[in-house]
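Please open the structure in your viewer and keep the selection panel at hand.

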Amino acid sequence: MKRVAAVVLSLTLFASSALAMAANAAQRVPEFAMKAVYLYNFAQLTNWPPRGEASDEPFNVCVFGGDEVFHALEALEGRKVNGHPLHSLQIEDAVAVRQCHLLFLGEDAGRRGRRLLDGLGDASILTVTDDPSLADSVAVSLVVTEGKRLAFDIKLGLAKGRNLALSSKLLRLANRVIVE
Amino acid sequence: MSGWALWFRHRPIPAKLKLITHLLVLLALLPIISINIGYEYLSVRDSMRSEAEVRANIIRENVAAATAFGDRESADETLSSLRASPNVIQAVLLLRDGTPLARFSVGGEPERWMEIPNRTDQTILGWNRILVARSVYLKESRVGWLMIETSMKPLHDRLLLYALVSLVAVLISIALTSMLSRRLTHGITTPLSDLMDLARHVTDHQDYSPPLRVSDSQDEIGGLSRAFDTMLAAIRERDARLSQIAYCDSLTGLANRHAFMERLQQSVDQARRSGKSCCLMFLDLDHFKFVNDTYGHAVGDALLREVARRLKNVMRNDDFIGRLGGDEFAIIIENAADGAGLAIASGKLVRSLSEPMRIEECDVQIGASIGFGRCPDDADKVSELMRMADVAMYAAKKGGKNRFRAYSPDLEQDERRS
């Protein structure tokens, strides 16, 4: 009986959501733009250890191997993150990575991306990726759920190791939180 | 005068007093109650308002991150915590571009919103709803828009309860003042209605005797009561004076004709009833006209007074003497059974009146002719008796004056003959 009800319910839900999706398809936000917004939100909900920077110094969001996300981030240029204007930049090597607050490794990062990560040491940089192969070595990894929704997993141990404090609000919204 | 004023005028005093006290109670309580209800309304409304605002602020804090990430599930979850607040009707969370992210409504179905405000933080107070609209911020950046609508039903329930309690309080006060005013009214109206009854009694029974009860209180009612008493006393005094004027001959102090006739009727009635006899004696002065014409009216009047004095001297105390007019006097002698006694009395009278009198430096001598008839021996009607006494008196006058005659039927024949 319950099963029948569930089937009926899911059928109606499917029908209505299919209609809604058709209606929303035109104005649907592109995935990379959404990822850029997510990066901005992560920055908002994370506390960095004080570095003694002046407030007009930028908050650097570095992108490696994700051109589309980088371009999408340009739309958020200048927005305040903890009082500092957001600035996005593409980096190519481990030297440039030192100035980053947040490092996004795109799907194209590949092996070079892993090398970049290895060279970070314990620098206070929030690492984010959407490359499943790098997921186990970054603090926040973007995933797409079964419901085609963009979600994220958090490895709390990695964040703590870099002296980053993630807001409980962020943790609550995470798809998975791995404490170790 | 308006209808109400007229109506009020014709109410009895207790009803008037009762109405006035009730009106006073209402007048005193009405401002207090309205001020209390107004104050209660404002303070409860303000506390509900701030409660709703605090609630909205908490929700917007909790929902901020989910809004930023567009996380519908989490936002729904946060909004559904509103279920714990019983007065929340509905809530909606909009993204920056206006698309709804999450909704909550207590009945499941979304209701019509009280109004859709522009996108500024505000609280709108309606008659039965409060709408709180707040921006949702993640850090400094605005990520969404939250509206929560709360019912004002508890406020109305509370006001209703308050009004009911006030009504009960008013009823109790009216009942208490009713009891109090009944006692008060009793103290005021009972003496008044007593006085009214007394006035009716006086009017109906012409009874001017002093009332048994006179209120001894020092207030207006006591004063009215005493004034009424004084008025009755004045009426009694006037009546006494009037009856003296009506029954007394002012010159001699003897009974006048009217009083004498009343008394004669009584005596005749009594004689007829009890079988005891009475005698009517007519007495006419001889030469009075001469004295009056010679010495003047003043001497004539003094003479009449002297005659009255002598008559009183000679007669017994229970004989009734009256002056019928001019120089005519009459006497009723009760229990006059035997003619001999009457003859003696008549002789005494004739002698006494023929003795000279000194009146205002004048020596005057007159005489008297007396005739009498007896009841019931001669007649048992007043008119008959009067006529017989008159006949007897004329017979005495004719017989040479200064003498007396008892009535006998022969006298009538003599008169007819002459």
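A crossover is called right-handed if, with the strands pointing away from the viewer, the path from the first strand over the helix to the second runs clockwise. Please bear in mind that this model is predicted.

**First stop: a β-α-β unit.** Select residues 102-105, 110-118 and 126-129 of chain A, which are strand β5(A), helix α4 of chain A and strand β6(A). Together, these three elements make a right-handed β-α-β unit.

**Second stop: strand β6(A).** Keep residues 126-129 of chain A selected and display the side chains. Which residues point one way from the strand, and which the other way? A:L126 and A:V128 point one way, while A:T127 and A:T129 point the other way. Are these residues buried or exposed? All of them are buried.

Next, select strand β7 of chain A, residues 140-144. Strands β6(A) and β7(A) also run parallel and are joined by two bridges. Here A:V128 stands opposite A:V140.

**Last stop: where chain A meets chain B.** Show both chains. How many residues of chain A are in contact with chain B? Ten residues of chain A contact eleven residues of chain B. Select α2 (31-44) and α6 (168-173) of chain A, the elements that each give two or more residues to this side of chain A. Helix α6(A) gives the most, with four residues. Colour this side of chain A by class to find four nonpolar, two polar and four charged residues.

Methods: Residues numbered from 1 in each chain as written. Chains lettered and ligands numbered in written order. Predicted model: local features only at pLDDT ≥ 70, side-chain atom pairs only at ≥ 80, totals over all residues. Buried ≥ 20, exposed ≤ 12 C-beta atoms within 10 Å, placed from the backbone. Pairing = 2+ DSSP bridges. Contact = placed C-beta atoms within 7 Å. Nonpolar A, V, L, I, M, F, W, Y, C, P; charged D, E, K, R; others polar.
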